[in-house]
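Trainee: I'd like to learn how to read a model like this one, feature by feature. Can we go through it together?

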Amino acid sequence: MITQISFLIMGVMAVFLSALMITRKWPVTSAMLLIVVMMLIAGMYGLLGAHFSAVAQIIVYAGAIMVVFVFVIMLLNLPPEELRYGRITIGELLLTALGFIVALFLGTKVGQGYLISNLNSNSLINARPPYYPASMNENVKNVSALMFTDYLWAFELISFLILVAIVGAIVIAKKAKVSDAKSA
Amino acid sequence: MEQSVYYVGMNPYLPILLILIFGLALGLGVSGVSLFLGPKKPNSSKLEVYECGLPVTSSAENRFSIKFYLTAILFILFDIETIFMYLWSTAFDYLGWFGIVEVGIFIATLSIGYIYVLKRGALRWD
Amino acid sequence: MIEISFTQIISTILLMLLGIAVGAQVAPIMSWVERRQCAIIQRRLGPNRVGFFQFRLLGLGQPIADAIKLLFKEDFVPPYVHKAFYVLAPVVPVATGLAVTVAIPWGSHVVVNNQIINLQAVNLNSGFLLIFALSSLAVYGVTLAGWSSNNKYSLLGGLRASAQMVSYEVAMGLSIIPLVFIWGTLDLQTMITKQSEILWGFLPNWGFIHAPISFFVFIVTIFAETNRLPFDLAESEGELVAGFLTEYGAMRWSLFFLGEYSMMFVMCVLTVSLFFGGYELPWLSQHYLLEILNPQVGEVLARWILLPLGIIVLLTKVILLMWIFVQVRFTIPRFRYDQLMKLGWIYLLPIALINLIITAIVTAIVKFH
């Protein structure tokens, strides 16, 4: 009961803050709102019993990826957005309507799923027993055992993806020598 | 398991949320108290931007080094590696030598990336 | 069946309040300790006069006098700053510094109302990762403070300080992982219980003995995470040219340090819990003491006796470690920025990684054969 109320509150706040985020004048305000949304999502993961995902969300998303966003916004010194007084085009109207339809569809499907399945933290996959003895406190070990046995291929591919990202970041940054004017 | 009772307290995430809100209130409150209790004497030199007491020279020519961006991107990538390390280390007993070999491949691939970063000099003078 | 127990809820709230109280009181006490220790190292006296009612009390009234002075200083918000973030930026270190005190393991457990109450306000499955998560959020305080001041030197100072904090978080995380292999869990209470045993007949089973390299790397990264000397370029820039603290006046400035000291306290508690046995006395573990006390006073009362003992042992170890922090502050000169980043990326990261691999192989050999 309390879980459902908390989930509802967090969900509504996350959606509201996201809508707020895309309509702000200053880019830094949008970045900070996104950080709060990330923390709310981590809280929702925690309520679902995915404790490792919650902590990983804060460490990686809110603590690393958003740092890059904030650094880039501050380095580029983006000016605040000006309010645009103009007509709303047909394309924008169609896209907004499409967005509402997709949101409605997802909402009803996810709502059906939540009512039907049994979301507790005792087992990750309903069709097979967990690797460690099922208790309320073995989520991280179960995720770990699963990742390195069943999803090993994805894990090793991630290492290559990270390597590509490292090389790509350096190539892009080193090529931008034009803007490497004032060093710290 | 019919008769035994399992006692639960509050959801463990709730104290974190409560203290974050409390910290927010404390910070804002303490700053606000100082705003009320202190004197208010504005004068023109207080209201200018501080640049060692000299008049403000240039305002908008802000070209900063790209190394900050590079440091932050490399931090994300190594942080993701650290997350996987945390994950592996909890199930160390279950995964045994097989797990060590798997994670060894992961660390080796990332070390190639790290050595590339060092050779390209992306982390120098920063 | 699952039943909500008010005993657990009230004890969680009490432990939360204990954490907040200790976290908020660290800053004034540490400021006095720093000034006295600085003075003693520099062969002078330091603040030793401000007391109460004509008792000098070694100058312990000094932090209170400082707080009152700071409250009454003029706190103006400069007109050229971005007001919302200027006000919010000091709050981020305070909020995360206080929130991180929930994971402190004050003791083993007590029995109240036939229920076992774990003496840790929040015992998540992810253990001490909570502390890392909240400390990675503390970067935003510095970044926002630098940006909102609308002063390009502040912005640079803030970006440099946050780049420093961010660089050392990688080595911090990687250096702790060998301990997770050794103790086999992410949970702090289990780690401390395992450290109460005796190793090789005469040594306490501390993490420091199993993984000394991890300890040294971790200590260095804690210095960098909390912006303490020799890594305190961010604050020193406030003395020299400008830094992210330039446009911050009285109480807002001290809020940054409240958060910094609280985070330093929790990091020291984490170090002590991981490497030095936490709230356990080295050879007289709580289990042993319980066996001595149990026939005499019964288990419940024995656990209530062991509770203050655990807290005193923990605080003693943490105070010793924080005193070492203070000593280092007044002994070692400050690092230059490029030396700092070189240490974080080029020295500590490979050392932590190689330490991880070697410890993994050694632990596997020991455990699986």
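Trainee: Let's start where chains A and B meet: how many residues of chain A are in contact with chain B?

Mentor: Two residues are in contact if their C-beta atoms, placed from the backbone, lie within 7 Å. Here 43 residues of chain A are in contact with 37 residues of chain B. This is a predicted model, and local features need pLDDT of at least 70, side-chain atom pairs count only at pLDDT 80 or more, while totals for chains, interfaces and linings use all residues. Residues are numbered from 1 along each chain as its sequence is written, and chains are lettered from A and ligands numbered from 1 in the order in which they are written.

Trainee: Which elements of chain A supply at least two residues each to the side that touches chain B?

Mentor: Helices (H or I, at least four residues) and strands (E, at least two) are DSSP runs, numbered from the N terminus. On the side of chain A that touches chain B, α2 (27-47), α3 (51-76), α5 (139-149) and α6 (152-175) each supply at least two residues. The most comes from α6(A), with 14 residues. As for classes, Ala, Val, Leu, Ile, Met, Phe, Trp, Tyr, Cys and Pro count as nonpolar, Asp, Glu, Lys and Arg as charged, and the others, Gly among them, as polar. That side of chain A has 31 nonpolar, seven polar and five charged residues.

Trainee: Which residues of chain A does UniProt list for "transmembrane region"?

Mentor: The unreviewed UniProt entry lists residues 6-23, 30-48, 54-76, 88-107 and 151-173 of chain A. UniProt positions are given in the numbering used here, feature names are shortened, and annotations may be inferred rather than shown by experiment. Residues 88-107 of chain A are 90% helix and 0% strand, and their end C-alpha atoms lie 27 Å apart.

Trainee: Now chain C. How many of its residues are in contact with chain B?

Mentor: On that side, 68 residues of chain C are in contact with 57 residues of chain B. The chain C residues there divide into 49 nonpolar, ten polar and nine charged.

Trainee: In which sense do β1 of chain B and β1(C) pair?

Mentor: Two strands pair if DSSP finds at least two bridges between them. Strand β1 (residues 6-8) of chain B pairs with β1(C) in the parallel sense, over three bridges. One of the partners to look up is C:Ile2 in β1(C), which bridges to B:Tyr6.

Trainee: Where in chain C do strands run antiparallel?

Mentor: Look at β2 (residues 109-112) and β3 (residues 115-118) of chain C, which run antiparallel and are joined by four bridges. C:His109 stands opposite C:Asn118, and C:Val110 has C:Ile117 as its bridge partner. Their hairpin has two residues between the strands, and C:Asn113 takes a positive phi near 60°. C:Asn114, in the loop between β2 and β3 of chain C, has a positive phi near 65°.

Trainee: Is C:Asn114 buried or exposed?

Mentor: C:Asn114 counts as exposed, because it has 10 C-beta neighbours inside 10 Å. C:Asn227 is buried, because 23 other C-beta atoms lie within 10 Å.

Trainee: How do I read a helix pair?

Mentor: Two packed helices are described by the angle between their axes and the distance between the axes. Axes are lines fitted to C-alpha atoms, for helices over the stretch in contact, and angles run from 0 to 180 degrees between N-to-C directions. In chain C, the axes of α1(C) and α12(C) come within 8 Å and cross at roughly 105°. That makes α1(C) roughly perpendicular to α12(C), a label for 65 to 115 degrees; under 35 is roughly parallel, over 145 roughly antiparallel, and the rest oblique. The residues making the contact include C:Ala27 of α1(C) and C:Tyr261 of α12(C).

Notes
Buried ≥ 20, exposed ≤ 12 C-beta atoms within 10 Å, placed from the backbone.
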